[in-house]
Amino acid sequence: MNAERGSVSFVLVAAMGLSVILASFVADVARASSARTHAQAAADAAALAAAQEQILPSVAGPGDLAAEYARRNGARLVFCRCPENGTESVVVVELDVRLPGLGVVRTVRAAARAETESPTG
């Protein structure tokens, strides 16, 4: 009977270890999904800022403003097709996300496009 108790303890420890690994994996998946949403929000903000700058120019250019808005949202601008007198802005941003359960850092990428009409018509 004592030998059986030892087996149950081993199975219980193994099940708990597997539970911890599974919980860590689920947490990493949730973190990656959240980072994807965050990156998309940063891309949207950058594209809208660039589009607004195209219509109502200020001191900064559309690309500079897109980079600033991406940075303010925790991402970095990696591509911007935002011509000064254009009516369309296309941006791509990247955001690094640390996944401690897997022990890696991954880069999440998101793109956004904003189109405007010229103020004269």
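**Figure 1. Accessible surface of the predicted chain.** The chain exposes about 8,000 Å² of accessible surface, and 60% of this belongs to carbon and sulfur atoms. Areas come from the Shrake-Rupley method with a 1.4 Å probe; for residues, only the protein chains shown count as cover. This is a predicted model: local features need pLDDT of at least 70, side-chain atom pairs count only at pLDDT 80 or more, and totals for chains, interfaces and linings use all residues. Residues are numbered from 1 along each chain as its sequence is written, and side-chain values use heavy atoms, with hydrogens and water left out. Of the 121 residues, 28% are buried (under 20% relative accessible area; exposed is over 50%, partly exposed in between; 1.4 Å probe, protein chains only).

**Figure 2. Overall fold and extent.** The chain holds 2 helices and 3 strands, in the order α-α-β-β-β along the sequence. Its radius of gyration is 23 Å, well over the 14 Å that the globule rule gives for 121 residues, so the chain is more spread out than a compact globule. The radius is taken over C-alpha atoms, and the rule is 2.2 Å times the number of residues to the power 0.38. Along the principal axes, the C-alpha atoms fill a box of roughly 90 × 20 × 15 Å. Helices (H or I, at least four residues) and strands (E, at least two) are DSSP runs, numbered from the N terminus.

Figure 3. H2 spans residues 62-72, with Pro-62, Leu-65, Ala-66 and Ala-70 buried. Seen down the helix axis, these buried residues fall within an arc of 135 degrees, so they line one face of H2. The arc is that of the directions from the helix axis to the C-beta atoms. Asp-64, Arg-71 and Arg-72 are exposed on the face turned away from the buried side. Just after H2, Gly-74 has a positive phi of about 85 degrees.

Figure 4. Cys-82 sits in the loop between strand E1 (76-81) and strand E2 (88-99). At 11% relative accessibility, Cys-82 counts as buried. Beyond its neighbours within four places in sequence, Cys-82 is in contact (heavy atoms within 4.5 Å) with Ala-50, Gln-54, Pro-62, Gly-63, Glu-88, Ser-89, Val-90 and Val-91. Ala-51 is 31 residues from Cys-82 in sequence, yet their C-alpha atoms are 7.6 Å apart. Across the chain, 48% of the contacts with a separation of 6 or more are between residues 24 or more positions apart.
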